[in-house]
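I opened this model to see how the chain is put together. My notes follow in the order I looked things up.

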Amino acid sequence: MAEVMYGPMQLLVIGFKSPDFHGQIRQAFGSAMEAGVVRLIDVRFVWKDANGNVEGMEATQLSDEERQRFGSVVGALIGLGAAGEEGARAGVEAGATAAARRTFGMTEDDVRRIADLIPNDSAAAIFLIEHLWAKELKQALRDANGHLIAQGMVTPEALVLAGAALHEALETAASGEQKRSMAAPAR
C-alpha cells in the first residue's frame, strides 16, 4: 500500500462576540484553498442568537473517499494511543464510520456542549486545516533524514510583545551603561 502524505494539520477554535458574518471568512479561506496553500478538513460553526437559539453549519473540502481514509487514520491513531494495537484496529473502523456519517469525530452532542459554553449573541468556529504548502518541504526533510524536534505557532501579536520587551531591555541596558560610565572615577 502506498503511503499517503498529509501536510501538517492545525486545529483552530475561534470565538466571535456579536458575530457579523458576511462571507469574509469564506472568501479568505477560499483564496487560500484555491492557491493550494491549505485544505479545509473540517469546519463547524455554532452560533447562538440573542434569545439563545442555536444554529450550526459544517463544511469540508474532502471527497467521500478522502474523508473515509482520513477518518480511518485519525481513528487508528486515537485507538492506538488509547488501547494499543487492538485499539488501533477498532479505531480504523470507528474513524471510517464517523467520516462516512460526516461527523469527523464531532457529534451533535459536542455541538450542543459548545453551544452551552458560549453566551447568547456569540458564535464559535472549529477549523481543522491541512497545510498543503508544507507537503513538499516535509518530503524534502524526510529525504534528508530530518525529523521534527519542536513546533509551535507564533502570532504577530506575540512578536510585537517580544519586540517591546527586547526594546525595553535594550533601553535599560543602555541607560545602565551610561550611569556606570558616568560614575566611574576620573583618571
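**Overall layout**

I counted five helices and four strands in the protein chain. Helices here are DSSP runs of H or I with at least four residues, strands are runs of E with at least two, and both are numbered from the N terminus. The model is predicted, so I kept to its limits: local features need pLDDT of at least 70, side-chain atom pairs count only at pLDDT 80 or more, and totals for chains, interfaces and linings use all residues. Residues are numbered from 1 along each chain as its sequence is written, and side-chain values use heavy atoms, with hydrogens and water left out.

From the N terminus on, I read the order as β-α-β-β-α-α-β-α-α. Of the 187 residues in the protein chain, 26% are buried. Buried means under 20% relative accessible area, exposed means over 50%, and partly exposed lies in between (1.4 Å probe, protein chains only).

I then looked at contacts, meaning heavy atoms within 4.5 Å. Among contacts with a separation of 6 or more, 72% join residues 24 or more positions apart. The protein chain exposes about 13400 Å², and carbon and sulfur atoms supply 58% of that area. The areas come from the Shrake-Rupley method with a 1.4 Å probe, and for residues only the protein chains shown count as cover.

**Strand pairing**

Which strands pair with strand 4? I found strand 1 and strand 2. Strands pair here if DSSP finds at least two bridges between them. Strand 1 meets strand 4 antiparallel over nine bridges, with Leu 11 partnered by Leu 128. Strand 2 meets strand 4 antiparallel over 10 bridges. In that pairing I noted Val 46 opposite Ala 124.

Strand 4 has nine of its 10 residues buried, so it is largely enclosed by the rest of the structure.

Next I followed strand 2 to strand 3. Six bridges join these antiparallel strands, and Phe 45 stands opposite Met 57. The two strands form a hairpin with five residues between them. Gly 52 sits in the turn and has a positive phi of about 90°.

**Nonpolar cores**

I looked for nonpolar cores: sets of buried Ala, Val, Leu, Ile, Met, Phe, Trp, Tyr and Cys residues joined through side-chain atoms within 4.5 Å. The largest has 10 residues, among them Phe 16, Phe 29, Leu 40, Phe 45 and Phe 127. Strand 2 and strand 4 are the elements that give two or more residues to this core. A second, separate core of seven residues includes Val 111, Ile 114, Ala 115 and Ile 126. In soluble globular proteins, nonpolar side chains tend to be buried together.

I also checked Leu 40. Beyond neighbours within four places in sequence, its contacts include Met 33, Leu 62, Phe 127 and Ile 129.

**Helix 3**

Which residues of helix 3 are buried? I noted Asp 110, Val 111, Ile 114 and Ala 115. Down the helix axis they fall within an arc of 140°, so they line one face of helix 3. The arc is that of the directions from the helix axis to the C-beta atoms. Their cover includes strand 2, strand 3 and strand 4.

**Aromatic pairs**

Rings of Phe, Tyr and Trp (its six-membered ring) pair if their centres lie within 6.5 Å; planes under 30 degrees apart are stacked, over 60 edge-to-face, and the rest tilted. I get four aromatic pairs by this rule. Phe 21 and Phe 45 are edge-to-face, at 5.7 Å centre to centre and 65° between the planes. Phe 21 lies in the loop between strand 1 and helix 1 and Phe 45 in strand 2, so the pair ties together parts 24 residues apart in sequence.

Phe 21 is partly exposed at 35% relative accessibility, whereas Phe 45 is buried at 11%. Ring pairs link Phe 16, Phe 21, Phe 29, Phe 45 and Phe 127 into a cluster.

**Positive phi in loops**

Most residues other than glycine have a negative phi. I noted Asp 121, with a positive phi near 60°. Asp 121 lies in the loop between helix 3 and strand 4 and is partly exposed at 35% relative accessible area.

Asn 145 also has a positive phi, of about 60°. Asn 145 sits in the loop between helix 4 and helix 5 and is exposed, at 70% relative accessible area.
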